[in-house]
Amino acid sequence: MTRAEFLKIMGVGAATLAIESVPGAGLLQAANPAAALTPDNTTPAKTKSGAERLAFGLPDQEARVARPVTAIVIGAGSRGSVYAAYSGQYPGALHIVGVADPNDTRRTQMAANYGIADEHCFRDWSEVFRIPKFADAVIIATPDNMHYQPCMQALAMGYDVLLEKPIAQTERECRNILAQAKKYGRIVGVCHVLRYAPYFRALKRVLDEGRVGSVISLQHLEPVRFHHFAHSYVRGNWHSAEATTPLILAKACHDLDIIRWLLGKPCEQVSAFGNLTFFRRSNEPLGASDRCLDCAVESQCPFSALQIYVRQHRYLYVFDNLPKDRALKDAKLIEYLRTTDYGRCVFRCQNDQPDHYICNLQFADDVTASLQVEALTSYGGRKTRIMGTRGDIVGDMETFTLTDFLTGKKYVWDEDISKLPGYEGHAGGDWGIVKDFVLAVANHDEKYLSSTIDVSVESHIMGFKAETARLNHKIAKL
Ligand SMILES: NC(=O)c1ccc[n+]([C@@H]2O[C@H](COP(=O)([O-])OP(=O)(O)OC[C@H]3O[C@@H](n4cnc5c(N)ncnc54)[C@H](O)[C@@H]3O)[C@@H](O)[C@H]2O)c1
């Protein structure tokens, strides 16, 4: 190995090379991470275990702009409502002036919440584009198979776009949206919301500051949790890869994007394995039936719809018009379990998404990463381990610990994000992206956004290639 290569691997940049030229300042001194690792904005406080705290602080979620950015929500479901709620908290930043949704309850609720004029309430996204442009931006939060057309039309009409992930269902459509954004000179912010969460921003900061030297490898686990997987990827909206997108995009485009972003290098090749092994008919227990309400072994099944929705009241946002009274609410839920896919046996659904998925990625400079997406976990919270030349990081989306190899010192990021308005949404990322999108639109400058369409298309292509690799049992090159 040459001296230059060694310096590069040790993460010694131009500044340290300059020190090296001073007589008596050798490589080890220059590479000594003690000074560089001293966090510049930390409080002197230590954690209980004696680690130094990386107290970077929390961002101000409010976008301070001269006048509120106006936006139309296309798809007033779960995600559309989360983004619109930013306007309720910060009316000086964002004003919702239009809504499109065929669901009467959701459309009228959003219209009432934000005082939307009748002539700007639509049943279908296409109606928005039949009248002259009447807002700065559109927020596209429709199902996965309904992102492409509205986005292409919005851009052609001169709207900036906040676009839910996945961008579109194919690589070609993703590239077309990118080309359309360039053609019309518009901003497209892709909702890779994790980039805007203080936890991931802190991780990115310490890597960019070189606190672990050069990153050689990264390991990332996305534990979906068994009930979440059953809800979304067996019974729910994303049960079919063809109707929506493959799991690696539907769920893990966030993770691919975060890995690409943290490493700051292009991905060169990818391999992938995984299958739908458990949630299939051959695994149903004796006594199972089409619906949990009729199942003889319901009380023995951790995936029981009665357990998840009625007893535990999880994921109730998918059910409209639920009464407040507990008994009435449960009666209505049981009605939903009788009539919708949410009441179906997880072993008898039309699902095809893999319940375990492993993806290996090779980036430029021989940096490697692995991504695992797992249905069968009791816990959530992405787990990330980063291996650098001078230190490593272990994190779980609430806190991370950086250990310096030379000194053995530990540095902990454990900011209390419950102080952040909107922290419940992707650890602060949901409102973080709206803030940056508002700033980008108000200032006509996409640089306020971390997840522009260019970088987001790149990480989506990693997902499409991973799926090709998994299905063809071959390494896919990018
Ligand atoms: N960024 C994230 O972390 C994240 C998380 C979950 C979902 N998503 C993505 O967000 C999108 C929306 O997901 P969701 O959970 O809000 O789903 P949802 O079903 O709650 O909302 C979608 C809404 O679109 C409406 N819709 C359907 N057809 C329409 C049409 N023709 N015109 C206008 N509206 C129409 C539906 O009635 C529904 O209200 C999906 O693409 C999903 O993959 C992103």
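**Entry 1: V161.** I looked up V161 in this predicted model and found that V161 sits in strand 6, which covers residues 160–163.

**Entry 2: what surrounds V161.** I checked the spacing to I139. In sequence, I139 and V161 are 22 residues apart, while their C-alpha atoms are 5.9 Å apart in space. I next asked which residues V161 is in contact with, leaving aside neighbours within four places in sequence. I noted A137, V138 and I140, then C151, A154 and L155, and finally R186 and V188.

**Entry 3: domains.** I looked up how the protein is divided. Domain 1 takes in residues 69–194 and domain 2 takes in 281–343. Taken over C-alpha atoms, the centres of domain 1 and domain 2 are separated by 32 Å.

**Entry 4: the whole protein.** I recorded 17 helices and 16 strands as the secondary structure of the protein. Along the principal axes, I noted that the C-alpha atoms fill a box of roughly 80 × 60 × 45 Å.

**Entry 5: burial and contacts.** I asked what share of the 478 residues is buried. Buried residues make up 46% of them. I also looked at contacts between residues at least 6 apart in sequence, and 72% of these join residues at least 24 apart.

Technical notes
Residues numbered from 1 in each chain as written. Predicted model: local features only at pLDDT ≥ 70, side-chain atom pairs only at ≥ 80, totals over all residues. Helix = DSSP H or I, 4+ residues; strand = E, 2+ residues; numbered from the N terminus. Buried ≥ 20, exposed ≤ 12 C-beta atoms within 10 Å, placed from the backbone. Contact = placed C-beta atoms within 7 Å. Domains from an automatic or database assignment.
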